[in-house]
Structure formats: structure tokens, C-alpha cells
Amino acid sequence: MAEEHLASARADEHGRSALLVLRDAPLRQAVIALTAGTRLGEHSSPPAASLQVLRGTAQVTTEDAVVELPAGALFLLPDGRHAVVGVTDTALLLTAVNP
């Protein structure tokens, strides 16, 4: 699935692709693919969420830090706002819990 969405992101004029793969209230998971340099602008985190890097390298900017995440890394998103950029072509698994 990661490779499929990376191919879709490469073909997309905005350099991204996403698919909600699980929605079972309150849990949801989505695969997000970003081409190198593509940015998801600053936005608020769900009450509980994590990003796992499936392929490539991503950078997450939070209110307190900038963290580079290699393939395999799991990052707990802190409460507050954050942004994500693909350092390389990147596929992520977003897991979020919304009450």
C-alpha cells in the first residue's frame, strides 16, 4: 500500500496521496504519501495520534522541536500544532484516536 500511494503522490500535481484505511470510532488510520519537499502545513493534532514512517524520511515540526524521522520510526504527536514535510519520497501511517 505504501508503494502504491508513493506512485500516486509522484503522479499528483500537489505531490501527495492519502487513503483512510481504518475507521472504527474512535480509531482511524490513514496512509499518507508525500514526495520529497512536499509539506503538510501546520495543523492541530488529534487528542491522541502517532506517525509511523513506512518508507523514506519525514520531518515533523512541532511547537517545541523539529524531528527527522527515518523509515521505521514511530513518533507520538504532541498536543498542539505541527507540520510534516517529506525529506525524501515518504509514506506514513497516521493512527489517531478521536473521542
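I am working from a predicted model.

**Entry 1: helix α1**

I started with helix α1, which spans residues 2–11. Which of its residues are buried? I found Ala2, His5, Leu6 and Ala9. An α-helix has 3.6 residues a turn, so residues three or four places apart point the same way.

I turned to the other side of α1. Glu4 and Ala11 are exposed there.

Next I looked up what covers the buried residues of α1. The cover includes four strands: β1 (16–24), β2 (27–34), β4 (48–55) and β9 (90–97).

**Entry 2: a nonpolar patch**

I looked for nonpolar side chains on the surface. Met1, Leu19, Val21 and Leu22 form a patch there. Together they have about 320 Å² of accessible area. I checked Leu22 on its own. Leu22 belongs to strand β1. Its relative accessibility is 31%, so I noted Leu22 as partly exposed.

**Entry 3: salt bridges**

How many salt bridges does the whole structure hold? My search gave three. I took them one by one.

I began with Glu3 and Arg55. Their closest N and O atoms are 2.6 Å apart. The pair links distant parts of the chain, with Glu3 in helix α1 and Arg55 in strand β4, 52 residues apart. I checked accessibility for both. Glu3 is partly exposed at 43%, and Arg55 is partly exposed at 38%.

I went on to Asp89 and Arg10. The closest N and O atoms of this salt bridge are 2.7 Å apart. Asp89 is in the loop between β8 (81–86) and β9, whereas Arg10 is in helix α1. This pair also links distant parts of the chain, 79 residues apart. Asp89 has 27% relative accessibility and counts as partly exposed. Arg10 has 48% and is partly exposed as well.

I finished with Glu42 and Arg81. Their closest N and O atoms are 2.9 Å apart. Arg81 has 34% and is partly exposed.

Notes. Residues numbered from 1 in each chain as written. Predicted model: local features only at pLDDT ≥ 70, side-chain atom pairs only at ≥ 80, totals over all residues. Heavy atoms only, no water. Buried < 20%, exposed > 50% of the residue type's maximum accessible area, 1.4 Å probe, protein only. Helix = DSSP H or I, 4+ residues; strand = E, 2+ residues; numbered from the N terminus. Contact = heavy atoms within 4.5 Å. Patch = residues over 30% accessible without salt bridge, like charges linked within 9 Å, V, L, I, M, F, W, Y side chains within 5 Å. Areas by Shrake-Rupley, 256 points an atom, 1.4 Å probe, with all protein chains shown as cover. Salt bridge = Lys/Arg side-chain N within 4 Å of Asp/Glu carboxyl O.
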